[in-house]
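I opened the notebook with the model on screen and set down what I looked up, one entry at a time.

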Amino acid sequence: MGRKLRYLGPSERAEIERLHNGGAPAAVIAGKVGSHVATIYRELQNGYNGTVDEYGRRVYSAEVAQRTFERNIKRRGERARAD
């Protein structure tokens, strides 16, 4: 049987923010959050706030990622109703 699909919640996004902005690699973040590494990479793209840190890494914002998630869910519902 396959894995059960689930969405990341605000607390998981806050953990990703803390770990990523602290310098942890995606594999470590995935292990701590309980997600696949690919999920973490996608999440980091969704939460990019437009700035980089002193090491040239993109800064992740849990707040930006949550807003992106909510906007995408809302748009998905609008498209489903339009069809």
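Is T68 buried or exposed? I found T68 buried, with a relative accessible area of 11%, where buried means under 20%, exposed over 50% and partly exposed in between, with a 1.4 Å probe and protein chains only.

I noted that this is a predicted model, in which local features need pLDDT of at least 70, side-chain atom pairs count only at pLDDT 80 or more, and totals for chains, interfaces and linings use all residues. Residues are numbered from 1 along each chain as its sequence is written, and side-chain values use heavy atoms, with hydrogens and water left out.

I placed T68 in helix 4 (residues 62–82), helices being DSSP runs of H or I with at least four residues and strands runs of E with at least two, numbered from the N terminus. The T68 side chain reaches the backbone oxygen of N46 at 3.4 Å.

I then read the order of elements along the sequence as α-α-α-β-β-α, and I noted that buried residues make up 30% of the 83 residues in the chain.

Next I looked up helix 2 (residues 26–33) and helix 3 (residues 37–46), whose axes, lines fitted to C-alpha atoms over the stretch in contact, come within 8 Å and cross at roughly 110°. That makes helix 2 roughly perpendicular to helix 3, a label for angles of 65 to 115 degrees, taken between N-to-C directions on a scale from 0 to 180 degrees. The contact (heavy atoms within 4.5 Å) is made by A26, A27, I29 and A30 of helix 2 and by V37, I40 and Y41 of helix 3.

Terms used: Angles under 35 degrees count as roughly parallel, over 145 as roughly antiparallel, 65 to 115 as roughly perpendicular and the rest as oblique. A polar contact is a pair of N or O atoms within 3.5 Å; within protein, one must be able to donate a hydrogen and the other to accept it, and residues adjacent in sequence count only if both atoms are side-chain atoms.
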